[in-house]
Amino acid sequence: MIEILQYEFMRNALVAALLASVACGIIGVYVVIKRIVFISGGIAHASFGGIGLGYLLGVDPVLGVVPFSIASALGIGIISKKTNLPEDTTIGMLWVMGMALGVIFIGLSPGYAPDLFGYLFGSILTVPFSDIILMSILDVIIISVVFLLYKEFLALSFDEEFATVVGVPTKYLYFILLCLVALTIVVLIRIVGIILVMALLTVPASISKQLTHNLKKMMVFSIFLSSVFSVSGLWISYEINLASGATIVLVSIGGFLIFSLFKKSSLIFKLFI
Amino acid sequence: MEELIKLKDVWVYYDKSICALEGVNLSIYKQDFLGIIGPNGGGKTTLLKVILGLVKPAQGKVEVLGDVPEKSRKFIGYVPQFVLFDRDFPASVWDVVLMGRLGQRGWGKRYSNEDKKAAVEALKKVGMFEFKDRQIGKLSGGEQQRVLVARALVSQPKILLLDEPMANIDTSMRAEFYELLEELRSKIAIVLVSHDLSAISIYVNKIACLNRKLFYHDSKEITAKELEEIYQCPIELIAHGVPHRVLKEHGK
């Protein structure tokens, strides 16, 4: 493992994996306890429109995703809060609308979209340094917002109606949370791609949820677990030449299965609690 | 007597056509302990949500502490009909009770010593202080209910609204729970709704019936005719109010 670190692309990949683990470790916890897994899936897929927009405008597609994923997060949030449409219906429509827009944008852009596959399924080995900077900035934003609104987010996830009654501006808080999910998706695109984002948002958080009942510990455990999954997935994919994003996802799911089997024999449980 | 809540000719519709509340008039005064009974789907929860400003009436006026509900609801302690689906939810009893103090500070501020003192007091009042580090999902339904009462009390409200509070509390615990409410009543007006006639105890000092329309005489009496209209079936009156009588004498 050490000797492969002499390559710059490998060092970048490793740093990217760790930066992504911070974002998805923290936000994944809220995605799981607030039960917005499918909203997050919708935002992730709708962000494909942003990739297409990036190609069309000739800028870094990841930069195109930032406004697009935030717009779809707010779109889902506002439509589901302001209308009587069922939330899953809204999600379904925005999900496909974003993807359709992406396809149209890419079709309109001149020439051929070379690394489209990488945005869909991740290409951690080709992360440029500029994306590492973007990921670090987004990590800082995510950490600061969660640090400031920690109690409010907990109350929002536990009992939204009660939080409204005591005077917490839950509607805005919910929008902020969805925007953080959108930013996390941007951070994760390079690692696993928009199609596979949900694995890193759900698996580490749902394992750590069973290990601890303290939200802060849960975040730390999730960050640790997603680092383990993404770094070992990266290493396996490098060694036996597999697609990196898909390998990371399968390692995560494999980790979840092993954990569930262990938990059944309840050994690991007694070690932690 | 100071009027805390005033509803005047309140109408509520769901989906623009389903009527949930029909011309409800209600005044709640300081030191009232009002029990509202009515069948399931009769609008009891809706009525509480109107008082809290969570549901907007299509017509009519709602005043809480002389202001619109949205502004006054921070003075209301709300105990919702709450079912915790997620037994693994990462919050302790202590976390949950402190949530009741969230409205009293700006965003991003930590809980003050005053908040923590209020939380200790509220937990002691409901007899759950020893459980403060317990994870909320690991408590029984009745214990969770008491934590939710503490969460409502921690903001030192002027009014307490309880939605079906007895649903999770077994009969032997009910008396104890009512004694707690009776003790609170000297400082806080209490409104308790329930579909179960027998859950309304001798402690309430006023009683109302709700099935879209509200029957309320600002007293502790309801008639058999009203009850039958509300439940839409013959009701056998069994007075359990000793020494206070909820129902009129009957049986001739």
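Reader: Which residues is B:L181 in contact with, leaving aside its neighbours within four places in sequence?
Author: This is a predicted model. In it, B:L181 is in contact with B:F33, B:L160, B:L162, B:I190 and B:L192.

Reader: And which residues have the most contacts inside the largest nonpolar core?
Author: B:L160 and B:L181 do. That core has 129 residues.

Reader: What lies apart from it?
Author: Another core, of 32 residues. B:L7, B:L21, B:L52 and B:A208 are among them.

Reader: Why would such side chains gather?
Author: In soluble globular proteins, nonpolar side chains tend to be buried together.

Reader: Let's take B:E22. What does it form a salt bridge with?
Author: With B:R212. The closest N and O atoms are 3.2 Å apart.

Reader: Is B:R212 buried, exposed or partly exposed?
Author: Partly exposed, at 38% relative accessibility.

Reader: What about B:K138, which residue does it form a salt bridge with?
Author: B:D88. Their closest N and O atoms are 3.9 Å apart. B:K138 lies in the loop between helix 4 (113-125) and helix 5 (141-153) of chain B. B:D88 lies in the loop between strand 5 (76-79) and helix 3 (93-98) of chain B, so the pair ties together parts that are 50 residues apart in sequence.

Reader: How does B:K138 count for accessibility?
Author: B:K138 counts as partly exposed, at 46% relative accessibility. B:D88 also counts as partly exposed, at 23%.

Reader: Next, B:E114. Which residue pairs with it in a salt bridge?
Author: B:R101, with the closest N and O atoms 3.8 Å apart. B:E114 lies in helix 4 of chain B and B:R101 in the loop between helix 3 and helix 4, so the pair ties together parts that are 13 residues apart in sequence.

Reader: Why does B:R101 count as buried?
Author: Because its relative accessibility is 2%, and buried means under 20%. B:E114 counts as exposed, at 57%.

Reader: Last one, chain A. Which residues are linked in a network of salt bridges?
Author: A:K34, A:K81 and A:E160 are.

Terms used
Residues numbered from 1 in each chain as written. Chains lettered and ligands numbered in written order. Predicted model: local features only at pLDDT ≥ 70, side-chain atom pairs only at ≥ 80, totals over all residues. Heavy atoms only, no water. Core = buried A, V, L, I, M, F, W, Y, C linked by side-chain atoms within 4.5 Å. Buried < 20%, exposed > 50% of the residue type's maximum accessible area, 1.4 Å probe, protein only. Contact = heavy atoms within 4.5 Å. Salt bridge = Lys/Arg side-chain N within 4 Å of Asp/Glu carboxyl O. Helix = DSSP H or I, 4+ residues; strand = E, 2+ residues; numbered from the N terminus.
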